[in-house]
Amino acid sequence: MSQREEYEKLTDEELMKRLESGETGVTEYLLNKYKPLVKRQARTLYLIGGDNDDLIQEGMIGLFKAIRGYRAGGECSFYTFAELCVTRQMYTAVQASKRKKHAPLNGYVSLDEEPQILAEQNPEDMLIDQEELESRYDQIHRRLSDMEQLVLELYLEGKTYGQIASVIGKNEKAVDNTLQRLKKKLDKVGER
């Protein structure tokens with residue numbers, strides 16, 4: 001029986017106990033097992049100036065942190081803890097791109113590729129990039145209705161469709177329709 005087959009028969013709690021005792025293959029197994037969770041979470045968010053791969057990379061970092069930080073026998077399951085860590089990591093990336101803190105993840109390095117030396121931007125280029133990003137934010141806000149802006153803010157805060165629906169006084173289908181319209185509008189702004 002392969003190590004993978006052995007791990008598939010174990011619960012997450014048992015796997016975490018093995019990891020705590022120093023078994024090295026557990027981390028890779030859990031990263032592969034929960035990658036679909038990361039991809040699913042990435043589809044629900046939109047990173048201004050980034051793409052889905054950027055969010056998946058952020059989510060995998062969150063998953064890795066969950067694997068390192070989880071302690072077996074805690075109050076919640078590993079799945080719940082991992083989902084929270086992945087969501088927080090992605091949400092932080094989205095918020096950072098909104099704040100222009102990382103102008104959006106322009107200096108990320110892929111874990112799967114050879115590192116490349118990234119050219120440093122001079123202050124003039126950084127100012128121009130900041131002005132272009134602010135112009136995009138203005139374009140976005142001019143295109144969105146008050147309702148769409150509210151839904152977007154609530155969504156970026158991590159609220160569920162049900163929570164958003166109760167705040168705006170509509171049903172979940174209306175929230176979904178609004179988010180689909182938002183995505184199309186944001187994609188049009190991104191194409192320019």
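**A chat about rings and the core**

Guide: Tyr34, Tyr70, Phe78, Tyr79 and Phe81 form a cluster through ring pairs (Phe, Tyr or Trp rings, the last by its six-membered ring, with centres within 6.5 Å; planes under 30 degrees apart are stacked, over 60 edge-to-face, the rest tilted). This is a predicted model, where local features need pLDDT of at least 70, side-chain atom pairs count only at pLDDT 80 or more, and totals for chains, interfaces and linings use all residues. Residues are numbered from 1 along each chain as its sequence is written, and side-chain values use heavy atoms, with hydrogens and water left out.

Visitor: How many aromatic pairs does the structure hold?

Guide: There are 5. In one of them, the ring centres of Tyr7 and Tyr29 are 5.4 Å apart with planes at 55°, so this pair is tilted.

Visitor: Are Tyr7 and Tyr29 buried or exposed?

Guide: Both are buried (under 20% relative accessible area; exposed is over 50%, partly exposed in between, with a 1.4 Å probe and protein chains only).

Visitor: And how are the rings of Tyr70 and Phe81 placed?

Guide: Their centres lie 5.5 Å apart and their planes at 50°, so that pair is tilted. Tyr70 is buried at 3% relative accessibility, while Phe81 is partly exposed at 23%.

Visitor: New topic: what does Leu63 touch?

Guide: Beyond neighbours within four places in sequence, its contacts (heavy atoms within 4.5 Å) include Leu30, Val38, Phe78 and Val86.

Visitor: Which residues of α8 meet α9?

Guide: Met147, Leu150, Val151, Leu154 and Tyr155 do, against Tyr161, Ile164, Val167 and Ile168 in α9. Helices here are DSSP runs (H or I, at least four residues), numbered from the N terminus.

Technical notes. Helices (H or I, at least four residues) and strands (E, at least two) are DSSP runs, numbered from the N terminus.
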